[in-house]
Amino acid sequence: GIDAIAEVVERNISQAQYLKARIERETKLELLAPVALNIVCFRYDFRYEANEKNARLVVDLQESGIAAPSTTTINHETAIRVNLTNHRTRESDLDMLVEAILEMGKELE
């Protein structure tokens with residue numbers, strides 16, 4: 001019922017805050033927008049060709065099957081956009097996402 005739906009929404013909002021905190025701890029990741037609800041927009045901080053490489057990161061993540069983020073543009077910068085809506089998402093999934101982005105980003109540098 002409605003209570004179960006509310007619980008999932010609240011959990012996804014909490015997970016967005018968890019992901020925000022993970023991103024803030026990583027020197028190579030940068031938040032590009034405030035995290036108000038369940039959407040987190042950030043990027044890997046590449047020195048050169050950051051927009052192209054962040055877009056490539058998203059494609060690589062999708063093709064790997066690790067996660068399915070999308071991209072958006074914020075202030076002319078390509079952002080990795082994570083929209084948390086899946087009731088099966090766990091914090092460990094978000095940790096795996098961050099680790100994969102760090103590893104893939106390092107390979108693209």
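**Exercise 1.** How much space lies in the largest pocket? State also which residues and elements line the largest pocket.

*Solution.* The structure is a predicted model.
Step 1. The volume of the largest pocket comes to about 310 Å³.
Step 2. Its lining is made up of 17 residues. Those that lie nearest the centre of the pocket are Ala67, Ala68, Val82, Leu84 and Thr89.
Step 3. Turn to the elements. At least two lining residues come from E4, and at least two from helix H3 (91-108). With 4 residues, H3 gives the most to the lining.

**Exercise 2.** Is Thr78 buried or exposed? Locate Thr78 and list its contacts.

*Solution.* 
Step 1. Thr78 sits in strand E4, which covers residues 77-83.
Step 2. The relative accessibility of Thr78 is 13%. Buried means under 20%, so Thr78 counts as buried.
Step 3. Set aside the neighbours within four places in sequence; Thr78 is then in contact with Leu32, Arg43, Asn51, Asn54, Ala55, Thr71 and Thr72.

Methods. Residues numbered from 1 in each chain as written. Predicted model: local features only at pLDDT ≥ 70, side-chain atom pairs only at ≥ 80, totals over all residues. Heavy atoms only, no water. Buried < 20%, exposed > 50% of the residue type's maximum accessible area, 1.4 Å probe, protein only. Contact = heavy atoms within 4.5 Å. 1 Å grid on protein atoms, 1.4 Å probe; cavity = no way out; pocket = protein on both sides within 12 Å on 5 of 7 lines; lining within 4 Å. Points joined across faces, edges and corners; volume = space filled by probe spheres on them.
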